[in-house]
Each structure stands twice: as C-alpha cells, then as structure tokens.
Amino acid sequence: ALTLPRAANAQAVIENDVRIPTPDGMADCYFVHPASGRHPGVIVWPDILGLRPAFRLMAKRLAEAGYAVLVVNPYYRRMTAPVVAEGASFQDPATREFLMPLAMSLTPEVQVTDAVTFVEFLDQQDVVDTSRRIGTTGYCMGGPYVMRTAAALPARVGAGASFHGSRLVIDGADSPHLLIPNMRGSFLFAIAENDDQREPEAKNVLRQAFEQAGLAAEIEVYPGAMHGWCALDSHVYNPEQAERAWSRLL
C-alpha cells in the first residue's frame with residue numbers, strides 16, 4: 001500500500017529487473033527509465049534493508065522526473081533481493097543480527113568495484129544520455145557509497161545526495177570525507193536530527209572539507225526527522241520532511 005505523489009508532468013516509464021555481470025558475480029538490480037528518449041543516469045544505493053518495493057517506488061518516481069535509474073542489490077554476492085521479508089524492521093533484533101554481517105562484508109574496496117561496474121552498465125544503455133553526467137543517491141549505509149562512487153569516477157559523477165547517511169566522518173584513513181578532494185560535482189547531505197545529536201561535529205567537518213575542495217554542497221539537519229525518515233517504508237517515515245528532501249534532491 002506504499003504510495004508517493006506523482007508530478008503533474010510525470011513521464012511514462014519502463015521497468016525491468018536486470019542482472020549485471022560484475023567481477024564477483026551477477027548483480028540483480030532494478031532499472032527504470034522514461035519510455036522514450038535518452039536521459040541522465042542515476043545509481044541508487046539503498047539502506048541496510050536493501051532493494052525492496054519501497055525503493056522500487058522511489059526509483060520509479062525519479063524516473064518519472066526524467067532519469068534512467070538503477071537501484072542496486074548491494075548483497076548480490078550472497079543472495080538475491082529482497083533479502084528480508086516485507087515489513088521487516090532493523091529495530092527487530094533478529095533482522096539486525098541477520099543484516100549486520102551482510103553490511104559489514106561490503107568493504108570500501110567492494111563499494112568502489114561495484115560503483116565502477118554499475119556506471120559502466122548505465123553508460124552502455126541506449127536510454128542513457130552519456131553526454132550528461134551521472135547522479136547517485138544513498139540512504140543510511142548508502143551515504144558513504146555515494147561519496148566513494150563520486151570520488152572513484154569524478155569525470156562521470158556530477159551530483160550526489162546522502163539521506164540520513166551513516167559513517168560519513170569516521171576515524172581512520174578510509175573515512176569517506178577524506179575523499180572529497182577527489183570529487184567533481186554538487187552534493188546534498190540531508191541529516192537526521194538524532195544523527196546530528198549523536199555526531200554534532202560531522203556536519204561541520206563535511207562543510208569544511210567541501211569548502212576547501214571548492215565544491216558546492218548543501219549540508220542540512222532536518223528538524224524532527226529521525227534516522228531513516230526518507231525511506232518510504234520506514235517506521236519513522238516523515239512525509240513532510242521527506243518531500244522537502246526530495247525537492248532538494250531534484
């Protein structure tokens with residue numbers, strides 16, 4: 001029963017489940033794009049619950065706005081999507097215990113390998129306008145994927161958005177924020193209020209890093225929005241603030 005408002009000028013779209021060969025196997029993904037013409041590509045990195053109906057709907061809405069959108073199953077090395085039952089919640093201990101090893105297996109190196117593969121896939125599609133740069137969005141654990149994708153492929157990635165992204169600024173040499181000098185694009189960081197309360201300095205570190213790199217970045221804490229608020233099936237889904245984040249994404 002998940003629904004999202006449609007734009008008055010929403011384009012007709014074509015949806016496909018696709019299997020993409022990667023160095024580590026076959027990645028099952030969801031690919032949706034306008035029914036005619038060529039359009040900029042977008043890669044969507046879902047949250048820890050993975051590719052599921054909510055993210056298909058969110059991607060379809062983006063395609064209706066004029067984009068060729070690929071939603072990734074990040075866990076394809078171990079299992080096909082969906083990896084959890086409909087309605088599953090990360091708040092459930094059994095679900096959390098199942099998902100954490102899957103998420104932890106996705107190292108920064110694996111994330112970059114996948115990013116390169118999925119950009120190559122988009123660039124090979126007739127419906128993708130390769131004269132336009134690619135966008136990428138990430139939710140929760142997908143936030144760092146956005147940053148690593150943009151840093152690994154700066155000539156192709158022109159825009160990125162992180163929604164309630166986790167572990168964007170961490171201790172150690174593999175912190176995503178250290179990759180900002182390698183990026184070439186514009187970025188949106190929509191931060192949950194409770195994430196900011198836990199890590200109040202993270203937003204300042206991001207702002208300073210983007211300013212030093214000379215890149216445009218909108219970095220904002222969304223009042224009243226809790227971690228996960230943009231995912232359509234989240235128990236903390238906040239329609240008003242999710243729509244505001246959506247408008248900033250576009």
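**Helix packing and overall form**

Modeller: This is a predicted model. One place to begin is helix α7, where the cover over the buried residues includes α1 (53–64), β6 (157–163), β7 (186–192) and β8 (217–222).

Biologist: Which residues of helix α7 are buried?

Modeller: Helix α7 covers residues 239–249. A residue is called buried when its relative accessible area is under 20%. In α7 the buried residues are Q241, A242, A245 and W246.

Biologist: How many helices and strands does the chain have, and what is its radius of gyration?

Modeller: The chain has seven helices and eight strands. For 250 residues the globule rule gives 18 Å, and the chain comes close to that, so it is as compact as a globular protein of that length. Its C-alpha trace spans about 45 × 40 × 40 Å along the principal axes. The radius of gyration is 17 Å.

Biologist: Among contacts between residues at least 6 apart in sequence, what percentage join residues at least 24 apart?

Modeller: Contact here means heavy atoms within 4.5 Å. Of the contacts in the chain between residues at least 6 apart in sequence, the part that joins residues at least 24 apart is 72%.

Biologist: Is L206 buried or exposed?

Modeller: L206 sits in helix α6, residues 202–213. Beyond its neighbours within four places in sequence, its contacts are M147, L168, V169, H177, I180, F189 and I219. The relative accessible area of L206 is 2%, and the cut-off is under 20%, so L206 is buried.

Biologist: How far apart in space are L206 and I180, C-alpha to C-alpha?

Modeller: I180 is among the residues in contact with L206. In sequence the two are 26 residues apart. From C-alpha to C-alpha, L206 and I180 are separated by 8.7 Å.

Biologist: What is the relative accessible area of P101?

Modeller: P101 belongs to helix α2, residues 93–104. The C-alpha atom of P101 is 13 Å from that of R77, which is 24 residues away along the chain. P101 is partly exposed, with a relative accessible area of 43%.

Key: Residues are numbered from 1 along each chain as its sequence is written. This is a predicted model: local features need pLDDT of at least 70, side-chain atom pairs count only at pLDDT 80 or more; totals for chains, interfaces and linings use all residues. Side-chain values use heavy atoms; hydrogens and water are left out. Buried means under 20% relative accessible area, exposed over 50%, partly exposed in between (1.4 Å probe, protein chains only). Helices (H or I, at least four residues) and strands (E, at least two) are DSSP runs, numbered from the N terminus. The radius of gyration is taken over C-alpha atoms; the globule rule is 2.2 Å times the number of residues to the power 0.38.
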